[in-house]
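Please keep the sequence and the structure in view while I speak.

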Amino acid sequence: MDRIIINGGNRLKGVINVSGAKNAVLPILGASLLCPGINVIYDVPSLKDVEVMSSLLEYLGASVSRNGKIITVDTSNVEARDVSEELMRRMRASNLVLGPLLGRFGKVRISQPGGCNIGSRPMDLHLKGIRALGASIKEQWGYITAEAGRLVGSEIHLDVPSVGATENIIMAAVLAKGETIIYNAAREPEIVDLQTFLNKAGACIKGAGTSVIRIKGVGSLHPCKHRVIPDRIEAGTHMVAAAITNGDITIQNVITEHIEPMVAKLREAGIDVEMENNTVHVRATGKRYAIDIRTMPYPGFPTDMQPQMTALLSVTPGTSLITENIFENRFKHVPELHRMGADIKVESRTAVVCGVKKLSGATVRATDLRAGAALVLAGLAAEGTTVIECPEHIDRGYENLEEKYRQLGADIYRERV
Ligand code: UD1
């Protein structure tokens, strides 16, 4: 059981580099199943979730090797094996092999993913989409089985713009006969990156980044090379690190358009943010204002930044309201922040955050990835020592976080027990 130890109170200053986006690389690794041969992916962060996806691909017959930030995936010998509960439990995003396996082999059997720490996270929209493409679906004994001859293009209207459903439907549809149109598609930048990867591999997809995506089915795809976009949530987390420690951080390798929803909120909260080319400079001004936040699908404020902003607003004078519209159980960081002295009340989907002067160090537990990030940020700002248990959740989505923050002047280290 490792623990992260933070002696808080240091102002973070300096330059930090953002790694490749976790939520872009996971579907792209899934999509490589559609491209028989040797695919090369650049700027792949070294994360637990990437390791899990790589071992899932290996289990399906791919050979995966890593050299620094480059992953090579040879998908020549892949076969459609059942994806067990054990593999699904390790990472929910394992469901991203559903679309590619169905598209390439006409058959897939995966364990039901079930709920997770932040909510129930059903798969109904993924299944509705692939059913519309002609797959027959059976849900029995805890497994989802989907079968089809060749899928046939169709018009699909998503009830909510689910990121995973949009990605799975795109991946199923690229080899389908005819055209598929997804209406009310998710517009996240990671979906644009998936489109870019697949089009390089010979697919014909248009519209990612808007709410209507058109996919013209092609006969086959070939392997390709691709560089993953930078992680906008990691960038956002560093922006909050600058703000909460009264620091001054230059964040490099950012697509500034992707972080605009976060920049707007930080500016409203009194933080100085300047953007130029692929860099963002975040500086605390000494003043901070309470703000209201509602999480929304992109380009709204991302749910994956809600816990980090909760930490910041917990030490911002005044009362802030945070409404979580995407996941029903995403305030698990709140009881942990209480242990550090925060004054936050949660009523259904809204957290009422009354800013306190200071947080104080305590032993807290990371319950999920972004809750863990929020606790790191709170610990950086708190008086005294914070001990974060279960840091493996943080490792799912942040590469070398302690080292990156140490280089900015934080007193943070990992105790390996
Ligand atoms: C992805 C991200 C995750 C992020 C989330 C929302 C990856 C690997 N993960 O997760 O970091 O927090 O987007 O931005 O990219 N829903 C249904 N039925 C479905 C599918 C989803 O009701 O079939 C609901 C979910 O319960 C949730 C909402 O839709 O309330 C959004 O979920 P979704 O966009 O699918 O999230 P993920 O793709 O799982």
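E51 and K48 both sit in helix α2, three residues apart, which is about one turn of the helix. Helices here are DSSP runs of H or I with at least four residues, strands are runs of E with at least two, and both are numbered from the N terminus. E51 and K48 form a salt bridge, with their closest N and O atoms 4.0 Å apart. By salt bridge I mean a side-chain nitrogen of Lys or Arg within 4 Å of a carboxyl oxygen of Asp or Glu. E51 is partly exposed at 46% relative accessibility, and K48 is partly exposed at 40%. The term buried stands for under 20% relative accessible area, exposed for over 50%, and partly exposed for what lies in between, using a 1.4 Å probe and protein chains only.

The model is predicted, so local features need pLDDT of at least 70 and side-chain atom pairs count only at pLDDT 80 or more, while totals for chains, interfaces and linings use all residues. Residues are numbered from 1 along each chain as its sequence is written, and side-chain values use heavy atoms, with hydrogens and water left out.

Let us stay with helix α2, which covers residues 48-59 and contains V50. V50 is buried, at 1% relative accessibility. Leaving out residues up to four places away in sequence, V50 touches V25, L26, L29, V44, P45, R66 and I71, where contact means heavy atoms within 4.5 Å.

How many salt bridges does a search of the whole structure find? The search finds 20. One of them joins E402 to R414, with the closest N and O atoms 2.8 Å apart. E402 lies in helix α14 (residues 401-407) and R414 in strand β23 (residues 411-415), so the pair ties together parts 12 residues apart in sequence. E402 and R414 are both buried. Through shared partners, salt bridges join D2, D395, E402, R414 and R416 into one network.

D231 presents another case. D231 is found in the loop between β13 (225-227) and α8 (232-244). D231 is buried yet has no salt bridge; R370, the nearest side chain of opposite charge, is 5.1 Å away. The side chain of D231 does reach the backbone nitrogen of E234, at 2.9 Å. Setting aside residues up to four places away in sequence, D231 touches V18, S19, G20, A21 and K22.

I turn now to the nonpolar cores. A nonpolar core is a set of buried Ala, Val, Leu, Ile, Met, Phe, Trp, Tyr and Cys residues joined through side-chain atoms within 4.5 Å. The largest has 75 residues, and V174, L198 and L221 have the most contacts inside it. Beyond its neighbours within four places in sequence, L221 is in contact with residues including L34, P36, V174 and L198. A second, separate core of 65 residues includes I4, A269, V273 and M309.

Finally, the strands. Strand β8 (residues 143-147) is mostly covered, with four of its five residues buried. Strand β6 (residues 107-111) pairs with β8 in the antiparallel sense over five bridges; two strands pair if DSSP finds at least two bridges between them. In this pairing, K107 stands opposite E147. Strand β7 (residues 136-140) also runs antiparallel to β8 and is joined to it by five bridges, with I137 opposite A146. β7 and β8 form a hairpin with two residues between them, and W141 in the turn has a positive phi of about 55°.

Elsewhere, four strands form an open sheet of mixed pairing in the order β17-β18-β20-β19. β17 (293-294) and β19 (343-347) stand at the edges with a single partner strand each, so one side of each has no neighbour in the sheet.

Technical notes:
Lys and Arg count as positive and Asp and Glu as negative; His and the chain ends are not counted. A polar contact is a pair of N or O atoms within 3.5 Å; within protein, one must be able to donate a hydrogen and the other to accept it, and residues adjacent in sequence count only if both atoms are side-chain atoms.
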